[in-house]
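Visitor: Hi, I'm new to this one. Could you show it to me and talk me through it?

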Amino acid sequence: MGKLLEVKDLAVSFQTYFGEVEAVRGISFHVDRGETVALVGESGCGKSVTANSIMKLLPMPPAFYKSGQIFFEGEDIVKKSEKEMQKIRGDKISMIFQDPMTSLNPTMKVGKQIVEGIIKHHGLSKDEAKKKAIEMLDLVAVPQPEKRVNQYPHEFSGGMRQRVMIALAMVSNPELLIADEPTTALDVTVQAQILDLMKQIQDKYGTSIILITHDLGVVADMSDRVIVMYGGKLMEEGTTHEIFKNPKHPYTRKLLDSVPRLDMDRSESLHSIAGTPPDLYKPPKGCPFFERCDEAMIICKDHMPEKEYHTNSHYSCCWLNHPMAKGATEGSEI
Amino acid sequence: MAKYILKRIALAIVTIWAVITITFVLMHSVPGNPFATENRKIPENIMENLMKKYGLDKPKSEQYIMYLKNIARFDFGESMKQDSETVNQIIARGFPVSARLGVQAIIIALIFGPALGAIAALYQNKAPDYISMIISIIGVSVPSFVLGSFFVQFIASKVDWIPISGWGEFRHTILPSIALALMPLAQFARLMRSSMLEVLGQDYIKTAKSKGISRFAVIMKHAIRNAILPVVSILGTTISNLVAGSFVIEKIFGIPGLGQFFTTSVFNRDYTLIMGVTVFYAMVLIAMMLLVDVAYTLIDPRIRLTKEGH
């Protein structure tokens, strides 16, 4: 399996009235064909900006690519014009958004919304397009697709709308599906259904998925690999198994501690992470997690740690994992 | 749908009855009568005869009931000041003139207002935005009589084929239509700008973009239709204001429309004409509101009425 998407040293900033906000600060990762990569982190850490910059959907200005490349099928997306991007969007890369209640146009029939993209990309006739819309609704298990295709979004429930969104995103059989918190706005039982559906569709079409979420339950369920993001930087990356069994970064460990588990002792309490993410208007020079980290050392304040590989697929960016830091404790100087 | 319209018509009758009653009470609580003038004393017996002729000698309650009966037959009675003309004739003569002017003005306002607002929103904080907002501020704040006089002074008196005043041909309608259109045009532009800005920030616009359709298609198919809803909802009032005629514009351009009667009938205490034009205006307004509400359901499926009637 080759690399479908490769992000190299990507940095994206927003030019605001008060100065530059550095939302994404030099991240590199890749997505192979047919795999699911989860991008995990709390709100405001740059996940959605990363996703939108792959689609070039950020409003520019104020947003701009500060550095880096995004190779999709070997071509750099950062260099592509709006016209070239329109050919890729909806055809090769699709996106599902967080809130299904607001992501569909309230004044357009869902069938038309589903096939609008494929008509543009592949020039289907009206009858073919309608057939395709019904077929897609059937694929995402919307009951009575022949009837539903002519209905408006307000006639659908939240879960059903997210199914429509998936149908809309999958209609051109894209290589890459970016799911930006696809289940956050749904209740838990519906969440499970939507995740199942996404897995089924992936098995059928071999689509690669970038799953953006802060819900580690979803991650464990869906993804092959996990990338942990914080303060506009990548903190840790590894296979799902590695991240859950052997988290190396204190932030990853804290994220895992804040999720309830079935094997947990009843007396154990859940831990939240104290404090708030750093202000990316003036990003910290060193490790962004420094201020909230229990194991922080003096070096963490001003120096960003390099990647430290634990296995071929697993690395973390933390001074604790530096070969010279073995045995160092809190507050000690290197 | 039919059930809904029937319900609205029933409501309209109640509304019109309320308009009649309030106008009747207000009108008769103002001192004076149609025949009293300041400089000329009318002999007692002539006054009595006049009052008798128009039924003004009867008790107010009786007059009121008589009036209601006449209106039920769409008979507004005889004007007390315009010689030997019925109110129905006055309306039949003046309304088509005012309506033509109003419809032309509405067309101008509807073509340019929302377009101007949409362009302003698309180029927010750039030159096109500032230009269209300057136009709309002028449109909202300059009164139509200033604008009308300005047009007469600087256009009609300079351009040969545009007449200064009068009525009859299309060229007579050009300046007054524009003068009349500018206010609603400006309102539409401002409303459209703000609702367009809101719509452009909506998630479904991002969804549309993520499908790879062109920017133009995103705006035309997804943004405009949603953004125009607030404009449609004030359309009813605007249309009825325009078609019922404008006193000022009609005076400036010498147009024999209905607008002048709204003002002159009150000064003249021309009871039947006051009632006539007021009730007529109310009817036009209600009809337009109903029309707009029906149009609204065509644009926004969320408020489309189902067969079950909810």
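Guide: Helices (H or I, at least four residues) and strands (E, at least two) are DSSP runs, numbered from the N terminus. This is a predicted model, where local features need pLDDT of at least 70 and side-chain atom pairs count only at pLDDT 80 or more, while totals for chains, interfaces and linings use all residues. Residues are numbered from 1 along each chain as its sequence is written, and chains are lettered from A and ligands numbered from 1 in the order in which they are written.

Visitor: OK, chain A. What's the strand order in the open sheet of eight strands?

Guide: The order is E6-E7-E8-E3-E9-E10-E12-E11 in chain A, and the pairing is mixed. E6 and strand E11 (308-309) are at the edges with a single partner strand each, so one side of each has no neighbour in the sheet.

Visitor: How many bridges join E7 and E8 of chain A?

Guide: Five bridges, with strand E7 (residues 176-180) and strand E8 (residues 208-213) of chain A running parallel. For instance, Ile178(A) has Ile210(A) of E8(A) as its bridge partner.

Visitor: And what does helix H1 of chain A touch in that sheet?

Guide: Helix H1 (residues 47-55) of chain A packs on the sheet and touches strand E3 (36-40), E6, E7, E8 and strand E9 (225-230) of that chain. Its direction makes about 150 degrees with that of E7(A). Angles like that run from 0 to 180 degrees between N-to-C directions, with axes as lines fitted to C-alpha atoms, for helices over the stretch in contact. Contact, by the way, means that the C-beta atoms of two residues, placed from the backbone, lie within 7 Å.

Visitor: Now the open sheet of four strands: is its pairing parallel or antiparallel?

Guide: Antiparallel, in the order E2-E1-E4-E5 of chain A. Strand E2 (19-32) and strand E5 (75-76) of chain A are the edge strands, each with a single partner strand, so each has one side without a neighbour in the sheet.

Visitor: How do E1 and E4 of chain A line up; over how many bridges?

Guide: Strand E1 (residues 3-16) and strand E4 (residues 63-72) of chain A pair in the antiparallel sense over eight bridges. Glu6(A) stands opposite Phe71(A) in E4(A), and Ser13(A) stands opposite Phe64(A). H1(A) packs on this sheet too, touching E1, E2 and E4 of chain A, and its direction makes about 70 degrees with that of E2(A).

Visitor: Which residue of E5(A) does Phe71(A) stand opposite?

Guide: Asp76(A). Two bridges join E4(A) to E5(A), running antiparallel. Their hairpin has two residues between the strands, and Glu73(A) takes a positive phi near 50 degrees there.

Visitor: Where does helix H4(B) bend?

Guide: At Phe95(B), by about 30 degrees, and a proline, Pro96(B), follows within four residues. That bend is the angle between axes fitted to the seven residues ending at a residue and the seven starting there. As for length, H4 (residues 87-122) of chain B has 36 residues and should span 52 Å at 1.5 Å a residue, which agrees with its end C-alpha atoms being 49 Å apart. The expected span is 1.5 Å times one less than the number of residues.

Visitor: What domains is chain B divided into?

Guide: Domain 1 (2-72) and domain 2 (91-303), with bounds from an automatic or database domain assignment. Their C-alpha centres lie 33 Å apart. In chain B, 14 residues of domain 1 are in contact with 12 residues of domain 2.

Visitor: Last one: how many residues does each chain put into the contact between A and B?

Guide: Chain A puts in 24 residues and chain B 19 residues. On the chain A side, H3(A) gives the most, with four residues.

Technical notes:
Two strands pair if DSSP finds at least two bridges between them.
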